[in-house]
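Subject: Structure handover

Hello,

Please read them next to the coordinates.

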Amino acid sequence: MTADDMSLHPAAMPLVSVLIPAFNHERFVQRCLDSVLEDPYPAKELIIIDDGSTDRTGERIADWVATHCMELPIEYVRRENRGIAATLNELVARASGEFLRPGASDDYLLPGGLDAQVRYLLAHPCRGAVIGDSVVVDQDGNKVHDSGMCDLHGANKSLYRSDDGIRRAVISQWAIGGPVALIRKSALDTVDRWSEGLRIEDWDLFLRLAARDALGFIDVGVCAYRLHGTNLSKTRHTATRIVNLVESQHVALRRASLFGEPYRTLLHAQSHYIGAKISFLQRRLYPLVLHLVAYLWLIVVSKARPASTHPDVGAP
């Protein structure tokens, strides 16, 4: 099916599986689920896993499902905690859709986002996923920023309009605010799914997609990203920040082999930049200086290295 076919045959639109991993978001989860119903895209199913919540998230979901189970296909699973990556992989295994829309139980979809992203992937069959932008809201739902990419992360959206720019952006300035991706289910057969055990799981997946030039971008707000006191990526707890940064550094080094030059060198440079952040948080001046020197040197080296063909990107 093409994007034009959707206009002619709306009843035959490809199925989108909206995937919601839920954990301890009793205050926000109903708004998340309501937004799936509010999006006008007609061919969708909703799959929810409560990943061992210790608050009333599970009860809130069960009540919502009981109220709305006749309005769209819904599958709800409640089980012990296994972590975000394992939960996302289980959601994918349960999905029937051609396209997957991972969400988060504290964020919510914006109407029209599904249609825009589906049309993009139908028009670009070589892309395995497409990302959009988000609006940023506070814990009460009040808008804080119009663009998660620009206002929250300071991104240059023009980078995302070419394969080279996307690779550079994903490597050096991962500026994605919230769950903004629509993924072709078949793409996960090529790059594997989420790496279980990781806390910063999205960057790892999108590095693998970018290495295959399988990632696209549309400048459309597709979700509301909610800032509140327990956002994992925005924590101010120093020990947690260090753990997250160490994990990101390992991901950068592990995935560098998937890229040709100059992107491989850029990923090594990024690992040193992350190392500098870790040293700063640990108040270790000498390693901080060494990492910054290595980072700057590798940035210079990357500019001098000609582009090479991609290596074998089938590495795990």
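Helix pair H2 and H3

The axes of helix H2 (residues 29-38) and helix H3 (residues 57-68) come within 9 Å of each other and cross at roughly 30°. H2 is therefore roughly parallel to H3, a label for angles under 35 degrees. Axes here are lines fitted to C-alpha atoms, for helices over the stretch in contact, with angles from 0 to 180 degrees between N-to-C directions. Helices are DSSP runs of H or I with at least four residues, numbered from the N terminus.

This is a predicted model, in which local features need pLDDT of at least 70 and side-chain atom pairs count only at pLDDT 80 or more, while totals for chains, interfaces and linings use all residues. Residues are numbered from 1 along each chain as its sequence is written, and side-chain values use heavy atoms, without hydrogens and water.

On the H2 side, Val29, Gln30, Leu33, Asp34 and Leu37 meet Thr57, Arg60, Ile61, Trp64 and His68 of H3 (contact: heavy atoms within 4.5 Å). By class, this contact has five nonpolar, three polar and two charged residues.

Cysteines

The disulfide count is zero, taking a disulfide as a pair of cysteine sulfur atoms within 2.5 Å. For Cys150, the nearest cysteine sulfur is that of Cys223, 14 Å away. For Cys223, the nearest is that of Cys32, at 9.9 Å. Cys150 is partly exposed at 31% relative accessible area, whereas Cys223 is buried at 1% (buried is under 20%, exposed over 50%, partly exposed in between, with a 1.4 Å probe and protein chains only).

Regards

How values were computed: Helix = DSSP H or I, 4+ residues; strand = E, 2+ residues; numbered from the N terminus. Parallel < 35°, antiparallel > 145°, perpendicular 65-115°, else oblique. Nonpolar A, V, L, I, M, F, W, Y, C, P; charged D, E, K, R; others polar.
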